[in-house]
Structure formats: C-alpha cells, structure tokens
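Reader: Hi! Could you walk me through this one? I'd like to talk about salt bridges, a surface patch and a helix pair.

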Amino acid sequence: MNQTDKGSKTYLFSIVLIAVLGGLLFGYDTAVISGAEKGLQAFFMGANDFVYTDTWHGVTSSSALIGCIIGSAISGFCASRYGRKTSLFIAGILFFISALGSYYPEFLFFPYGDPSYSLLLAFNIYRVIGGIGVGLASAICPMYIAEVAPSNIRGTLVSWNQFAIIFGQLVVYFVNFLILGDNVNPVIQIVEGVNKIMNPEAAAWTVETGWRLMFVSEAVPAGLFTLLVLFVPETPRYLAMMGRDENALYVLSRINGSAKAKEILSDIKATAEEKTEKLFTYGWLVIFVGIMLSVFQQAVGINAVLYFAPRIFESMGMGNPMVQTVFMGVVNILFTLLAVFTVEKWGRKPLLIYGSAGMAIGAFGVALSNAVTGIPPIVPVVSIMVYSASFMFSWGPICWVLIAEIFPNTIRGAAVAIAVAFQWIFNFIVSSTFLPMYNMSAGDMGEKFGHMFVYSLYGIICVAAAIFVWRLVPETKGKTLEDMTRLWKNKSAGR
C-alpha cells in the first residue's frame, strides 16, 4: 500500500510546520519593537532638523501596523489570484527586505548614524514593508492550514499558528535580551516639557547599534521561511476552485488517503461550483461575526501590553523589565499550548468566554492597583500575567481558528481579508493610543490615573467580548468547512 492509499500524517505535519513559520515571523516582527523602541527613540531624539516627540514615537513604534492593514486588505486578492502558496512566498520576501532595511535605513541615500526627518521616513517605509508581509501571513497562514487539515484536527493545527506567533514573540524577547547584554536602555524623561536622555554615555551602544541588531536578527527566520515555502503544495480547496481537480486529489490523497480524498473532493466541488459568489451571498451576519471577532481580539488591548511590555514592567518597579518580559513570554507559550490541546475537546466558544472573563479580572486588577495606594507591586505584575495568559488560551489562537473556519469556501479569501484588515486597523488604534492614555495624568493621582483608566477600559471591552461570543458566534468544533457553507446558507435563507 503506497502513501496515497492511506495518507500520511508526517506529510501533513511537515507542510503545516512550514506554514506556521509564517506565524512565527508574524510574532517576531510585531514584537521586535518592544526591545528596540527605547534605543530607537533616543537615536531619533538626536536629529537636528525636527523634534522627535512622543507622538512621533507612537507612530514609529506602530508604523508596521500600517503595512499590516495594507497586507491583510490585499491578502484576499493575492490568495485568490496567485494562490495561497505564492502569497506566502511574497510575504517571506517582504519580511527579509524589512529586516535588512530596518537595520540599515541609510542604505544608498543617507549618511550612516545621522538621524534626520528623511531617515525616519525611510525607516518607517521599511517597517511598513515588513508589516505588509505580516498582514499577508496573518490572513493566509491560518487559511492555508485550515484548507489542508482534516476537520477532526483542524482546530488544533490552526491553533499551532498562534503558538508560533507567541513563540516568535518569546524568541525575539530572548534575542533582544541577549543583544542588550550588559548594556542599558536609555532613560528618557520629560524635562521642562521636552524629552531628555538622562544617561547618554551609558546607553550609547544601545542607541547607536543595539536597536539595529534587534531588527536584523529577523533576517534569519525570514530567509528560512522563504526557502521552505517553495516546497509546500498549493491547498486542495484552491486547486479545486481553479479547476485543477487532479492536483487537488493528489494533495488530498497524500494527506487523507485515496478513498477519503475522493469523498472530500466531491464535497468541495459541491460547495465551490460558483467561484464568483458575491461577498454577501450568505447574508451580512457571517461577515459581521468575522469582523467583530477581529475587532474584539485587538480592542481588549493585548498588543499594547506586548509591544510596550518592558516599559510597563519598569513602571511597576519590579526589577529588570527585560527579564520579566521574557518570563511573560514563557507564560504566554504555556497557556497557548493549553488552547492547542483543548480546542477540539472543549470547543471554540467556551475557551473564548472563559478567556474573556480571565482577561477582565486581570485588567481590572491592574486598574485597582493604580487606584488604591499601598498595594504591593507584585499585584499588578501578577494581574498583567493573568490578563496575558487568559488571552493566550482564548482570543489569541481561537480567533484565528474561527476566522479560518467560519466563512464559506467561495467567499473565504475576500471575507478573511476584510476580517483581518479590521484586526490590524484596531491593532493600530490600540497600539497608537495606549501610550498617550497610559501616560495621561489627572489631579492627585498623576500618571496613575492614566494607568487605571486604560486598564479599566480594556476590562470593560473584555466583558463585552464575552457577551458577543455567547450570543452570536457559532460553534465550529467537528464541522467541515463545507458544513459551515451550508450553515450560513440556511441562516441567510431564514431556516
């Protein structure tokens, strides 16, 4: 009996492993800024032709997210026009270019080490290029995995993509920690309304070189992913929709075995006869649910914590903030694994609801710590950990699982693109507004008011997220992608 008669889990797991490397790069690229942002801020504060304000720094720290919005918005077009595989290859190229360009934004046009307004624009362009790669990967990696995976393990395999995202963040936290070594990040304080570097001599290496090495370290995984993605097949559902049934059957046979492959292909063809169905063919509710899953995943505020983790821990006065950031990354990994191993047993909805409740408790815990004087620093630190860990077993992986699963085959590319674009839009909104809200002061509370306000806001949104899931999100555990097509068709017909 050959491989296509019985199928091969080794083959399936090998191509999924390559696809989830895109998730690792997603996590790596979005979190690299957490270690580099202080050195980067101090570097551009040295410019003579403009004043690098907190607003500029917020935009620069979040500029990759502009690219993420673009990349996710065009992901549907790319996935439908060029295929899932080619789109992932393009994403890898963009990751690689961004890593090199962010390391050396002066390339060809500017003197090395001379900060200026023009150099800031060049740096942000390279970050946007990387963001486009992230946007493509964020939409297409889970889509690719969902379209090759058997229905009984699809949730688990798509959850591994989120594990890779968090693992990528942990890797970059650790890499940043190693790069920083015995060097120190600059201490930046507002003096008479203007940002000042308080220890320029001690932080000189970090300002001149450290942040560059953090960005260029991404070139290694980016290059590896770009090469390996050349060896994965196109997804059978895309092949079938393109009329390449023989190729689709071959891939399905290698994964599921010949007999099961013919049954799956028949089911795919039955729900993919119309390649040109309009976005609202199955009604508005499926699109609304997909969009709101993405909105809530970001509006709960998780990426503000991930991007500015060292700064947040430093404000709590609990030792070396880089060490705590790495520790948080380890906790995130462990709780992401909880989702990976329970998503097929417990279902998608329960994990989202429990996670929303845990996040609300953690967020309100941080808010309370800032509202009441005398609470030990360990309380907000533990609350942040609870908040982050609750996200990692719920909204982190399960949102991606649902976005990859809930849409009918014929509109999946466009619908996923819209949903993920909203995700990055709200990621940008949350990330760019976090520092101004976090640092705002009021009366006797000073900056503690901002800390209390922002986490109270995130806690309220977590409660709203739980209610949304309970009332509107369908359970997809154990259902095929074609089952979801029939579910939404019946809903749109009022049955």
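Author: Happy to; what follows is a short chat about those topics. This is a predicted model, so local features need pLDDT of at least 70, side-chain atom pairs count only at pLDDT 80 or more, and totals for chains, interfaces and linings use all residues. Residues are numbered from 1 along each chain as its sequence is written, and side-chain values use heavy atoms, with hydrogens and water left out.

Reader: Thanks! How many salt bridges are there by your rule?

Author: The count comes to four, where a salt bridge is a side-chain nitrogen of Lys or Arg within 4 Å of a carboxyl oxygen of Asp or Glu. One of them joins Arg 127 and Asp 29, with the closest N and O atoms 3.6 Å apart.

Reader: Where do Arg 127 and Asp 29 sit in the chain?

Author: Arg 127 is in helix H5 and Asp 29 in helix H2 (residues 9–44), so this pair links distant parts of the chain, 98 residues apart. Helices here are DSSP runs (H or I, at least four residues), numbered from the N terminus.

Reader: Are Arg 127 and Asp 29 buried or exposed?

Author: Arg 127 and Asp 29 are buried, meaning under 20% relative accessible area, while exposed is over 50% and partly exposed lies in between (1.4 Å probe, protein chains only).

Reader: And what does Arg 212 pair with?

Author: Arg 212 forms a salt bridge with Glu 106, at 2.6 Å between the closest N and O atoms. That pair also links distant parts of the chain: Arg 212 is in helix H7 (residues 204–216) and Glu 106 in the loop between H4 and H5, 106 residues apart. Both Arg 212 and Glu 106 are buried.

Reader: Changing topic, which residues make the nonpolar surface patch?

Author: Tyr 103, Tyr 104, Phe 107, Leu 108, Phe 109 and Tyr 112 make a patch of about 700 Å². Patch members have over 30% relative accessible area and no salt bridge; nonpolar side chains (Val, Leu, Ile, Met, Phe, Trp, Tyr) are joined within 5 Å, like charges within 9 Å.

Reader: Why does Tyr 104 count as partly exposed?

Author: Because its relative accessibility is 33%. Tyr 104 lies in the loop between helix H4 (84–103) and helix H5 (117–148).

Reader: Last one: how many residues apart are Lys 260 and Glu 263?

Author: Three, about one turn, with both in helix H11 (residues 258–271).

How values were computed. Areas by Shrake-Rupley, 256 points an atom, 1.4 Å probe, with all protein chains shown as cover. Helix = DSSP H or I, 4+ residues; strand = E, 2+ residues; numbered from the N terminus.
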